[in-house]
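Please read it alongside the sequence and the coordinates.

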Amino acid sequence: QLVRSTAIAAGAASLLRATEAPDDLARGVAVEVPPNTSVLKIKYTAPDPSRAQMGSHAFAEAYLRNRDATAQADIDAQVAALTSKVKQLNATLTQVGTRLGNLSETSPQRPALESQRITAQNQLNNVSEKINDLTTVTVSGGTIISDARLPTAPTKPNRTLNLATGAMLGLLLGFAVAVARE
């Protein structure tokens with residue numbers, strides 16, 4: 001359903017430089033998922049074989065770009081939340097450091113504040129490590145395994161099906177006429 005969505009169709013329309021509305025382009029898309037795989041077979045129907053091939057590629061590319069953008073947005077949101085936590089922890093460390101600086105070495109509050117400082121510093125280190133991990137992640141929504149082959153024959157009209165259907169209808173009509181005549 002995502003491949004046929006308006007967002008993906010708009011991306012495909014941009015790649016194709018199409019003048020058609022994205023929803024009209026999406027009507028030509030069909031997607032198959034082979035059993036037990038995470039592969040999508042994206043097919044595009046068009047009057048011209050090369051246009052069908054380009055449409056299939058454009059929808060696949062637009063889908064992968066959308067996946068990349070979604071994954072990157074998720075990472076950016078996580079980094080923003082963690083950055084906010086870093087600011088909070090830095091403020092806590094500053095506050096605890098100021099309080100520690102105003103206390104004498106023998107103050108009974110000193111051990112509790114030292115413990116708070118160590119806890120905040122450990123949390124800051126952990127959060128900074130997570131931010132570093134997230135900012136070094138390479139985002140990849142996937143790749144196109146193979147482009148569609150250029151169609152060698154149109155999928156419609158199916159001559160064999162049309163001839164067989166015509167023959168059957170002719171036999172039934174002939175039979176109906178024979179029965180009516182009797």
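In this predicted model, the side chains of Lys43 and Glu32 form a salt bridge with an N to O distance of 2.6 Å. Lys43 belongs to strand 2 and Glu32 to strand 1 (residues 29-32), so the pair links distant parts of the chain, 11 residues apart. Lys43 is partly exposed at 42% relative accessible area, and Glu32 is partly exposed too, at 39%.

**Other salt bridges**

- The structure holds six salt bridges.
- One of them joins the side chains of Glu20 and Arg51, at 3.7 Å from N to O.
- Arg110 and Glu105 meet through their side chains in a salt bridge of 3.4 Å, N to O.
- Arg110 counts as buried because its relative accessibility is 15%, under the 20% cut-off.
- Glu105 counts as exposed because its relative accessibility is 65%, over the 50% cut-off.

**Nonpolar cores**

- In soluble globular proteins, nonpolar side chains tend to be buried together.
- The largest nonpolar core has 18 residues.
- Val3, Leu25, Val29, Ile42 and Phe59 have the most contacts inside this core.
- Two or more residues of the core come from each of helix 1 (6-16), helix 2 (22-26), strand 2 (41-44) and helix 3 (49-102).
- Helix 3 gives the largest share, six residues.
- Beyond its neighbours within four places in sequence, Val3 is in contact with Ile8, Val29, Val31, Leu40, Ile42, Phe59 and Tyr63.
- A second, separate core has 11 residues, among them Ile75, Leu93, Ile131 and Leu134.

**Largest pocket**

- The largest pocket holds about 1,200 Å³ of space.
- It is lined by 36 residues, and those closest to its centre are Lys41, Ile42, Lys43, Ser56 and Ala148.
- Strand 2 and helix 3 each supply at least two residues of the lining.
- Helix 3 gives the most to the lining, with nine residues.
- By class, the lining has 18 nonpolar, 11 polar and seven charged residues.

- Most residues other than glycine have a negative phi.
- Arg17, which is not a glycine, has a positive phi of about 55°.
- Arg17 lies in the loop between helix 1 and helix 2 and is exposed, with a relative accessible area of 76%.
- Asn36 also has a positive phi, near 60°, and is a residue other than glycine.
- Asn36 is placed in the loop between strand 1 and strand 2 and is exposed, with a relative accessible area of 84%.

Key: Residues numbered from 1 in each chain as written. Predicted model: local features only at pLDDT ≥ 70, side-chain atom pairs only at ≥ 80, totals over all residues. Heavy atoms only, no water. Core = buried A, V, L, I, M, F, W, Y, C linked by side-chain atoms within 4.5 Å. Buried < 20%, exposed > 50% of the residue type's maximum accessible area, 1.4 Å probe, protein only. Helix = DSSP H or I, 4+ residues; strand = E, 2+ residues; numbered from the N terminus. Contact = heavy atoms within 4.5 Å. 1 Å grid on protein atoms, 1.4 Å probe; cavity = no way out; pocket = protein on both sides within 12 Å on 5 of 7 lines; lining within 4 Å. Points joined across faces, edges and corners; volume = space filled by probe spheres on them. Nonpolar A, V, L, I, M, F, W, Y, C, P; charged D, E, K, R; others polar. Salt bridge = Lys/Arg side-chain N within 4 Å of Asp/Glu carboxyl O.
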